[in-house]
Amino acid sequence: MSEWIGVFLIVLAGFAVAALLYWLLVESEGVYLGQRVVTWLYDRYAGRYEDIKRFVPQLEHQHLAQPLMQEIAPNRAPNILDVATGTGRMPLALLRHAGFSGHVTGTDLSMRMLAIACAKTDSPRVDFVCAPAERLPFPDNTYAVVTCLEALEFMADSRAALSEMARVLKPDGVLLTTNRLTTRWMPGRGWSPGQMQEILESVGFTKVEFERWQVDYDKVWARKA
Ligand SMILES: C[S@@+](CC[C@H](N)C(=O)[O-])C[C@H]1O[C@@H](n2cnc3c(N)ncnc32)[C@H](O)[C@@H]1O
C-alpha cells in the first residue's frame, strides 16, 4: 500500500513540476526567469512568431501606420525608432504606407527575430540594431517618433526602457506604445492606466492618452514634454 502512495506522490510531483515549467516558459514567456531566458525563448520561436500572431496587413495599416502618420502630419519623412521590433511588424507597416518616406530603425535583443525582420524589409529606409531597450545606443533628441508594441511586459526594466525612449525622442516627439490588459498569467507585469500614466509622466512624457485596441492591449500615445 505504502508503495502505491509513493508512486502516487512521485506522479503528483511530476505533474506539479511540469505545470510550473509550462507556466514559467510558455504562459509567462520566461519573464520571471530573467532577460536571457526571454531572449532565448524569442530566438527559439522566431520562426513561428508570425504564424502565431497572424498579422493582417490591412489591419496593421488601419490601426498602426495610418494613425501614426496622421498623428505626425504633415511630416511624411520622420525618423522612427521601433523598440523591441520583433520580426519587423512596425517597420513593415510603415514601408507599406504610401505616404511614408522616412526612415525606421528597429531594435531587439533576439537576433533570430531581427534576422526575420531583415529578410522581410529589404529597404535602404530600414535598419536593425541588436540592443536592449534599457540602454538604447542612440544620442539624445534623435527621433521624431518612438514606437514599442507588445513588449514592455517582457523587459527586465520597463521603466528604464521608457526613460530611454524619452531620452532619444526629440522634444514634442511622439511615443506609441502598448499596455497589456490580460496579465492573469503574468502577475505584476501590467499597469493600470493610472499607473502607466504616472510612470510615463515621471520619465518625461506628457499628453498621455489610452486607446482601446485589442483584447490583450491598449494603445498608449504620449508626447515628450
Ligand atoms: C511580443 S514580441 C513584440 C514584437 C513586435 N513589437 C510586435 O508587435 O510584433 C516582444 C519582443 O520584445 C523583445 N524584447 C524583450 N525584452 C527586450 C529588451 N529588454 N530589449 C529589447 N527587446 C526586448 C523580444 O525579443 C521580442 O522580440
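Q: Leaving aside its neighbours within four places in sequence, with which residues is D43 in contact?

A: This is a predicted model, in which local features need pLDDT of at least 70, side-chain atom pairs count only at pLDDT 80 or more, and totals for chains, interfaces and linings use all residues. Residues are numbered from 1 along each chain as its sequence is written. Two residues are in contact if their C-beta atoms, placed from the backbone, lie within 7 Å. With neighbours within four places in sequence left aside, the contacts of D43 are S110, M111 and R112.

Q: Is D43 buried, exposed or partly exposed?

A: A residue is buried with 20 or more other C-beta atoms within 10 Å of its own, exposed with 12 or fewer, and partly exposed in between; the C-beta atoms are placed from the backbone. D43 lies in helix α2. There are 16 other C-beta atoms within 10 Å of D43, so D43 is partly exposed.

Q: How far apart in space are D43 and L9?

A: In sequence, D43 and L9 are 34 residues apart. Taken C-alpha to C-alpha, their separation in space is 36 Å.

Q: Which residues of α2 are buried, and against which element do they pack?

A: Helices (H or I, at least four residues) and strands (E, at least two) are DSSP runs, numbered from the N terminus. In α2 the buried residues are V38, T39, Y42 and A46. The buried residues of this helix pack against α5 (111-120).

Q: Where is the kink in α2 centred?

A: At 1.5 Å a residue, a straight helix of 19 residues would span 27 Å, whereas α2 spans only 22 Å between its end C-alpha atoms. The expected span is 1.5 Å times one less than the number of residues. The bend at a residue is the angle between axes fitted to the seven residues ending there and the seven starting there. The kink in α2 is about 75° and is centred on A46.

Q: Which residue follows α2?

A: The residue in question has a positive phi, near 50°. The residue that follows α2 is R54.

Q: Which element gives the largest share of the side of domain 1 that touches domain 2?

A: The protein is divided into domain 1 (2-53) and domain 2 (57-224), with bounds from an automatic or database domain assignment. The contact takes 13 residues from domain 1 and 14 residues from domain 2. On the domain 1 side, the elements that give two or more residues are α1 (2-27) and α2. The largest share, eight residues, comes from α2.

Q: Why does the ligand shell lie between the two domains, and which helix gives its largest share?

A: Domain 1 and domain 2 both give residues to the shell around the ligand, so the shell lies between them. Its largest share is four residues, and these come from helix α2 (residues 35-53).

Q: Which residues are the closest to the ligand?

A: A residue is near a molecule if its C-beta atom, placed from the backbone, lies within 6 Å of it. The ligand is surrounded by 21 residues. The closest are A84, G86, S110, A133 and L149.

Q: How many residues of the ligand shell are charged?

A: Ala, Val, Leu, Ile, Met, Phe, Trp, Tyr, Cys and Pro count as nonpolar, Asp, Glu, Lys and Arg as charged, and the others, Gly among them, as polar. The shell has twelve nonpolar and five polar residues, and the charged ones number four.
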